[in-house]
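Happy to walk through this one with you.

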Amino acid sequence: MSHALVTVDSGPEVRLALVDVNDAARADPSTWDMQGMRATASGTYYFADLPRELVEWIGGPADYLKEPHFVGGVWRIAALQVGAAAGLLDMAATELRAAGRMDAEAQKIRLMGVLMHVWAGMALTERAAEAAANRHLAEDDIVATSIAAQLFTEEVGLGAIRAGEQSIGLRHFDAGSETGRMARDLSVYLRQAARDAFLQRAAGTVLGEDGRIWEDPRAI
């Protein structure tokens, strides 16, 4: 049985619902025409006149948008982004070793440079997750840290894609290339909404306060 998490405009509020989406007649996967993430069960689903017994509400009205668990929860996106970046680098290194090309110093330097940023992104994502679970931190601080993790790992992902292209070369763009598929999937996922607004929101908190955002959330 398949289900989808859906946001529903319930009058003046937004609610989250878990909906049974097994009716193939309501689904239209042809509307998902992206170059990446093609293996996902994405597309359009028609909810008009859906029987109420197929809808399970999660939380109450307006709960979905409450902080610090809405924007403050985007560290989960960061975790996916940085994990995908690490996976892409690992696959690129595997292919280079198989082709006998990993001994080139340029390859090692290129991939290692990005890998260090991946490790930094993992540490920042872990910090953001710990901040989100810390009841003693202000909501704005939690949100800003989570935003920072998402935006930083977005840049890390872009760096991994570029490194994969440069390291593998033309074979990366072959239709059957595994690094090519992974890079396409990641490039689509990285295009999360409201990037500039998120950056401005985080900067307004961090640069407008007294520096407490830089304290280790585990020590508070």
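A crossing counts as left-handed if the near helix is turned anticlockwise from the far one by less than a right angle, and as right-handed if clockwise. With that in hand, here are some questions on this predicted model.

Q: Is the crossing of H1 and H4 left-handed or right-handed, and how are the two helices oriented?
A: Helix H1 (residues 75-98) and helix H4 (residues 178-189) pack at an angle of about 165°, and their axes are 10 Å apart. Angles over 145 degrees count as roughly antiparallel, so H1 is roughly antiparallel to H4. As for the hand, the crossing of H1 and H4 is left-handed.

Q: How do the residues of the contact of H1 with H4 divide into nonpolar, polar and charged?
A: On the H1 side, the contact includes Ile77, Leu80, Leu88 and Met91. The H4 side is made of Glu178, Thr179, Met182, Ala183, Leu186 and Tyr189. Sorted by type, the residues of this contact are eleven nonpolar, three polar and two charged.

Q: Are H2 and H3 roughly parallel or antiparallel to each other?
A: The axes of H2 and H3 come within 9 Å and cross at roughly 160°. Their crossing is left-handed, and their contact is made up of 15 nonpolar, ten polar and two charged residues. Since angles over 145 degrees fall in that class, H2 and H3 are therefore roughly antiparallel.

Q: Which residues is Leu89 in contact with, leaving aside its neighbours within four places in sequence?
A: Leu89 is one of the residues that touch the most other members of the largest core. Beyond its sequence neighbours, Leu89 is in contact with Leu111, Val114, Leu115, Val118, Ala160 and Ala163.

Q: Is His172 buried or exposed?
A: His172 is found in the loop between helix H3 (139-168) and H4. Leaving aside neighbours within four places in sequence, His172 is in contact with Gly164, Glu165, Ser177, Thr179, Gly180 and Ala183. Its relative accessible area is 3%, and the cut-off for buried is under 20%, so His172 is buried.

Note on methods
Residues are numbered from 1 along each chain as its sequence is written. This is a predicted model: local features need pLDDT of at least 70, side-chain atom pairs count only at pLDDT 80 or more; totals for chains, interfaces and linings use all residues. Side-chain values use heavy atoms; hydrogens and water are left out. Axes are lines fitted to C-alpha atoms, for helices over the stretch in contact, and angles run from 0 to 180 degrees between N-to-C directions. Helices (H or I, at least four residues) and strands (E, at least two) are DSSP runs, numbered from the N terminus. Angles under 35 degrees count as roughly parallel, over 145 as roughly antiparallel, 65 to 115 as roughly perpendicular and the rest as oblique. Contact means heavy atoms within 4.5 Å. Ala, Val, Leu, Ile, Met, Phe, Trp, Tyr, Cys and Pro count as nonpolar, Asp, Glu, Lys and Arg as charged, and the others, Gly among them, as polar. Buried means under 20% relative accessible area, exposed over 50%, partly exposed in between (1.4 Å probe, protein chains only). A nonpolar core is a set of buried Ala, Val, Leu, Ile, Met, Phe, Trp, Tyr and Cys residues joined through side-chain atoms within 4.5 Å.
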